[in-house]
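Visitor: I would like to learn how to read a few features of a protein model. Could we go through them one at a time?

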Amino acid sequence: MKRKRIFSISCAMAFFLALIFVSVPEKVKAVFFDQISVDDTKTRISNFMGIDIRSCQILQESDSHGGFLGDGQTFVELQATKVEFHRIVGEMTKEWKDFPLTENLSKAIYGKKTKTEQRMPLLVDEKTENSLIPVIGDGYYYFEDRNELSSDSADDSHLFERNSWNFTLVILDRETYRIYYVEYDT
């Protein structure tokens, strides 16, 4: 008897919530769900970094993951205040490295054009075809190679020797207090 009553109450609550949701204007739903999305993004990045960045403001965000095998790229640009940025830097672990980027990471983020090699940046503004990440002179970065062939997730030396790329990169710009988060999966 108790199970039937609990089931009836659960069904009634679900119907009531669905009725409320249907009657809520689209603008209210959009604001509510956009905020959930922003919080989820910040929480995911915080969990990856092991540092709480949820107080930072998202300036840009794009995610093309989905479809076949989950390929795609995620790009998030965040703005920290000076105080937030120094707290974040204070919580960094030894896995973080000082700039400059390695040659491979620089080539992946900014591209490279020489007489013998021409490589476009991985993340580009569709209008300008420039890298989404500006050239940074002073900062920190954290790289994790998630490719199944990787024997050392902190090593990017084999990045261009494989048929697929699966990595996450976080860059902190000391001059602008910006944080750039990249997930790249092919």
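**Charged pairs and a sheet**

Guide: Asp138 is partly exposed, with a relative accessible area of 31%. Keep in mind that this is a predicted model.

Visitor: Which residue forms a salt bridge with Asp138?

Guide: Start with the general idea: side chains of opposite charge can pair when their charged atoms come close. Here the partner is Arg174, and the closest N and O atoms of the two residues are 3.5 Å apart. Arg174 is partly exposed too, at 38% relative accessibility.

Visitor: Where in the chain do Arg174 and Asp138 lie?

Guide: Arg174 is in the loop between β7 and β8, and Asp138 is in the loop between β5 and β6. The pair links distant parts of the chain, 36 residues apart.

Visitor: How many salt bridges does the count come to?

Guide: The count comes to seven. Among them is Arg87 with Glu91, with the closest N and O atoms 3.2 Å apart. Another is Arg54 with Asp52, at 2.9 Å.

Visitor: What is the order of the strands in the open sheet?

Guide: The order of its six strands is β1-β2-β8-β7-β6-β3, with antiparallel pairing. The edge strands, β1 and β3, each pair on one side only. Helix α3 packs on the sheet and touches β2, β6, β7 and β8.

Visitor: How many bridges join β1 and β2?

Guide: The two strands pair in the antiparallel sense over six bridges. Gln60 stands opposite Glu77 in β2.

Terms used:
Residues numbered from 1 in each chain as written. Predicted model: local features only at pLDDT ≥ 70, side-chain atom pairs only at ≥ 80, totals over all residues. Heavy atoms only, no water. Pairing = 2+ DSSP bridges. Helix = DSSP H or I, 4+ residues; strand = E, 2+ residues; numbered from the N terminus. Contact = heavy atoms within 4.5 Å. Axes fitted to C-alpha atoms, helices over the stretch in contact; angles between N-to-C directions. Salt bridge = Lys/Arg side-chain N within 4 Å of Asp/Glu carboxyl O. Buried < 20%, exposed > 50% of the residue type's maximum accessible area, 1.4 Å probe, protein only.
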